[in-house]
Amino acid sequence: MKKRVFVTGATGYIGGSVALKLCQAGFQVTGLTRTAEGAAGLRALGISPFIGTLNDYGPLIQAAKEADIVVNAADSDHTFAVTTLLTALEGSGKTFVHTSGSSIVGDKAAGNTAARCIRKKSSNRSPKN
């Protein structure tokens, strides 16, 4: 039986990359999206859409309880969603992954090793030893 994963932010940069890689690795992935357009895009990738928002208490509880693994990649600062997901998973022994990132430094590697890494030196900081 395939492990079921619920991913918030599945149409975003980080959540989308995670959801796609999990799907490609053979997991049964359900992705949270706010729109019908997002749902269509997820379906095209083989990801089951779950239409809702990070503010939907009941639906988030349901989706988290139905999953074996929950990945919160939508908004790391959304306390309500994190608390809701953790409440759903409490005592279950299921895996919860909470991640965030910034697409301003992204290179669209889609989870693959990037060919290059750019490091910009700041002229107003001294190097740490």
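A pocket, on a 1 Å grid over the protein atoms alone, is an open set of points with protein on both sides within 12 Å along at least five of seven lines. I begin there because the pocket is my first topic, and the term is used in that sense. One caution before that: what you see above is a predicted model.

The largest pocket holds about 380 Å³ of space. Its lining is made up of 20 residues. Nearest the centre of the pocket are Gly9, Thr11, Gly12, Arg34 and Ala74. By type, the lining residues divide into six nonpolar, 12 polar and two charged.

Now the overall layout. The protein has four helices and five strands. Reading from the N terminus, the order is β-α-β-α-β-α-β-α-β. There are 129 residues, and 31% of them count as buried. The exposed surface comes to about 8600 Å², of which carbon and sulfur atoms supply 51%. Take the contacts between residues at least 6 apart in sequence: 54% of these join residues at least 24 apart.

Next, two residues to look at one at a time. Ala10 sits in the loop between strand 1 and helix 1. Is Ala10 buried or exposed? Its relative accessibility is 5%, and the cut-off for buried is under 20%, so Ala10 counts as buried. Leaving aside residues up to four places away in sequence, Ala10 touches Gly15, Gly16, Ala19, Gly31, Leu32 and Leu42. Ala10 and Asn72 are 62 residues apart in sequence, yet their C-alpha atoms are 9.2 Å apart in space.

The second residue is Thr33, in strand 2, which covers residues 28–33. Thr33 has a relative accessible area of 4%, so it is buried as well. Thr11, as I said, is among the residues nearest the centre of the largest pocket.

On to helix 3. Which residues of helix 3 are buried? They are Leu60, Ile61, Ala63 and Ala64. An α-helix has 3.6 residues a turn, so residues three or four places apart point the same way. The cover over the buried residues of helix 3 includes strand 1, strand 2, strand 3 (48–51), strand 4 and helix 4 (79–89).

Lys65 is also in helix 3. Setting aside residues up to four places away in sequence, Lys65 touches Ala88 and Lys94. From Lys65 to Thr87 is 22 residues in sequence and 9.7 Å in space, C-alpha to C-alpha.

Last, the charged pairs. How many salt bridges does a search of the whole structure find? One. Side chains of opposite charge can pair when their charged atoms come close. Here the partners are Asp68 and Arg4, with 3.2 Å between the closest N and O atoms. Asp68 is in the loop between helix 3 (57–66) and strand 4 (69–72), while Arg4 is in strand 1 (residues 4–8), so the pair ties together parts 64 residues apart in sequence. Arg4 is partly exposed, with a relative accessible area of 28%.

That is the end of my part.

Conventions. Residues are numbered from 1 along each chain as its sequence is written. This is a predicted model: local features need pLDDT of at least 70, side-chain atom pairs count only at pLDDT 80 or more; totals for chains, interfaces and linings use all residues. Side-chain values use heavy atoms; hydrogens and water are left out. Helices (H or I, at least four residues) and strands (E, at least two) are DSSP runs, numbered from the N terminus. Buried means under 20% relative accessible area, exposed over 50%, partly exposed in between (1.4 Å probe, protein chains only). A salt bridge is a side-chain nitrogen of Lys or Arg within 4 Å of a carboxyl oxygen of Asp or Glu. On a 1 Å grid over the protein atoms alone, a cavity is a set of points where a 1.4 Å probe fits but cannot get out, and a pocket is an open set with protein on both sides within 12 Å along at least five of seven lines; lining residues have an atom within 4 Å of a point. Grid points are joined across faces, edges and corners, and a volume is the space filled by probe spheres set on the points. Ala, Val, Leu, Ile, Met, Phe, Trp, Tyr, Cys and Pro count as nonpolar, Asp, Glu, Lys and Arg as charged, and the others, Gly among them, as polar. Contact means heavy atoms within 4.5 Å. Accessible areas come from the Shrake-Rupley method with a 1.4 Å probe; for residues, only the protein chains shown count as cover.
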